[in-house]
Amino acid sequence: MVMANPSLLLESIFIIFLLPCLSWSCPEYQKQALLQFKSSILAIDSSFHTLDSWNSSSSNCCLWALGFGNLHNLVYLDLSLNSINGQIPALGFGNLNNLVHLDLSRNSINGQIPALGFGNLRNLVHLDLSWNRFNGNIPLQLFQLKYLQHLDLSSNRLSGELPEEIGNLTKLEELDLSDNALSMEIPTHIGNLSTLSSLSLGKNKLTGGIPASLQKLKKLNSLELEGNLLTREIPFWLFDFKDLQSLQLGGNNLNWNNNMKIAPKSLFRSSQLLSILALSHNNFSGELPKNIGDAKFLTILMLDRNNFSGPIPQSISQISSLGLLDLSRNRLSDNIFPVFDPRVNLLYVDFPSNQFSGEVPTTFPPNIKTLALGGNKFSGALPLNLKKLRNLERLELQDNNISGELPNSLLQISQLRVLNLRNNSLQGSIPKTLSNLQNLRILDISSNNLTGEFPIEFVNNLTGMTPNLTSQTSGLHVVITFSSQFFSIEFAVNELIVNWKKSKQGLSSHNIDMYFLLDLSNNQLSSEIPASLGALKALKMLNLSFNKLFGKIPSSLGDLQNVEGLDLSHNKLSGPIPIAFTKLQQLTTLDVSNNKLIG
């Protein structure tokens, strides 16, 4: 008779129990099954001591099942992207002395990071605990792992200060502690990490200034300190890193020496590889530097929510690689804009809430997808050559002084999905040909002086707001991912501000695909409401208030199965409220006040 090999049986039990045991808290039935299995093994070979730790007094049978404590030769362990939850036992993986790579990212593990369990992994080179629910301080034992090259603790709930002992990790190449609740100042000993290429400390509660010791990190190509409470001046030497590709300092209270105008001029001369410069939401002021065009490799430039003033430098049009330009919420002014070469790959332009004036500029390349110019002082009619921006998907010109009629040339931008002309001085009627924009999902021409009838043809062809195309129209969300061999970063264009359920709200670029809105309120439209509106079943918000609409409310509006907000107030509507409205199960806001309704 051939006897079973206990070691092979142990490997089998490792595989069998790996999937069902997705928690550090062992179910009793699994524990009993494992103890019964141990008895069977000992019946075959009583000298088999590998399972000595399996006993009824130990509660961590998930670790028995996985066999971690006995896999002494294990060098690579990846449990990422599962549903593992609960706390890691105190000793954790402490017996796996040969482990080089450990990845527990994107689970639901909570509690503190076990100091002893991880401190014993002295050969560890790669440790990734990101996207879990770890809390408490970072244990000092982690900073004794002298071979670590990659440490990622991002997107947890870690708190406390970042200790000076971090300077012991002299072989570290990538450090990501972003999206936690770390506080106090950035330790000066972080400058000892001379091999560091990527440093991410963003979205914490770090205070103080940027430590001078960082200038010793000569190999740095990505520095992310955004979303903290950092103060003081941006140091001059920060722009001397020859290999720097991404610099993100937004969302702090930093400033710079205004005697040097915007910043050291070397920012754009020396940073030849700089691809991402994000300085949003700080206290920067002064004029933008005229040599900004020297940063030839910039792909993303975000200077929004500061106090910059003056014109946009003409040299910015020389950055042929520029894809996203965000200068919103400053005090920039001028009526002359840079003329971009048609071959420039500029896709997203975000200039709202400044003091720009003159005609709406059209000096952008034809491949642009988002042009946001709301909240400025633009005046005059909509330029006829807007039609050359034939790839536009999102056009925002709200809150300006634009006058005249809606030009037919606008209708040639067939890819438009968002058109926001709210709060201007547009006149005339709504052109029937506006329905040529069949991809429209959000149309806001409220608070103008539009008159005439509600064109039936206009409604019939708005197929972008009907259910048959909602699954096919994609790409409206404006979220950009920039990747290099060292890092991957996601950026989103600013929110789209709309009148939503009686208040102004922002629709995030991350989920703007979900919204279908039609807002014609605050005009002088005078006609019956066309019954064909009921075909726009994807609509989530319909606002026709403050017009001169008359007649009965068409019962077909009861077919707007997704509508959440319906406002027909302040018109001259008569008759009863349709019984069909009882079918509107998603409706949360209904306003039909100030009409002549009966019932």
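Both D444 and R422 are buried, where buried means under 20% relative accessible area, exposed means over 50%, and partly exposed covers what lies in between, computed with a 1.4 Å probe and protein chains only. The model is a predicted one, in which local features need pLDDT of at least 70 and side-chain atom pairs count only at pLDDT 80 or more, while totals for chains, interfaces and linings use all residues. Residues are numbered from 1 along each chain as its sequence is written, and side-chain values use heavy atoms, with hydrogens and water left out.

The side chains of D444 and R422 meet in a salt bridge with an N to O distance of 3.1 Å, a salt bridge being a side-chain nitrogen of Lys or Arg within 4 Å of a carboxyl oxygen of Asp or Glu. This pair links distant parts of the chain, since D444 belongs to strand β29 and R422 to the loop between β27 and β28, 22 residues apart; strands here are DSSP runs of E with at least two residues, helices are runs of H or I with at least four residues, and both are numbered from the N terminus. R422 also forms a salt bridge with D399, at 3.8 Å from N to O. Because D399 lies in the loop between β25 and β26 and R422 in the loop between β27 and β28 (425-429), this second pair ties together parts that are 23 residues apart in sequence. R422 has a relative accessible area of 2% and is therefore buried, whereas D399, at 24% relative accessibility, counts as partly exposed. Through shared partners, the salt bridges join D399, R422 and D444 into one network.

D444 has a further partner in S446, as the side chains of S446 and D444 make a polar contact at 2.7 Å; a polar contact is a pair of N or O atoms within 3.5 Å, of which, within protein, one must be able to donate a hydrogen and the other to accept it, and residues adjacent in sequence count only if both atoms are side-chain atoms. S446 is placed in the loop between β29 (442-444) and β30 (449-452), and it counts as buried because its relative accessibility is 0%.

Across the whole structure, a search finds nine salt bridges. One of the salt bridges connects R417 with E393, the closest N and O atoms being 3.3 Å apart. R417 lies in the loop between β26 and β27 (418-420) and E393 in the loop between β24 and β25 (394-396), so this pair ties together parts that are 24 residues apart in sequence. R417 counts as buried because its relative accessibility is 9%, and E393, at 13% relative accessibility, likewise counts as buried. Side chains of opposite charge can pair when their charged atoms come close.

Several of the strands named above belong to an open sheet of six strands, which has the order β22-β24-β26-β28-β30-β36 and parallel pairing; two strands pair if DSSP finds at least two bridges between them. The edge strands of this sheet, β22 (357-358) and β36 (524-525), each pair on one side only. Within the sheet, three bridges join β24 (residues 377-381) to β26 (residues 401-404), which run parallel, and S379 stands opposite N401 in β26.

Another open sheet of six strands, also with parallel pairing, has the order β2-β4-β6-β8-β10-β12. Its edge strands are β2 (85-87) and β12 (205-207), each of which pairs on one side only. Neighbouring strands of this sheet are turned by 15° against each other on average, direction ignored, where the axes are lines fitted to C-alpha atoms, for helices over the stretch in contact, and angles run from 0 to 180 degrees between N-to-C directions. Two bridges join β6 (residues 133-136) to β8 (residues 157-161), which run parallel, and the bridge partner of N135 in β8 is R157.

Strand β18 (residues 307-310) has parallel pairings with two strands: three bridges join β18 to β16 (residues 285-287), and two bridges join β18 to β20 (residues 331-332). E287 stands opposite S309 in β18, while the bridge partner of G310 in β20 is L332.
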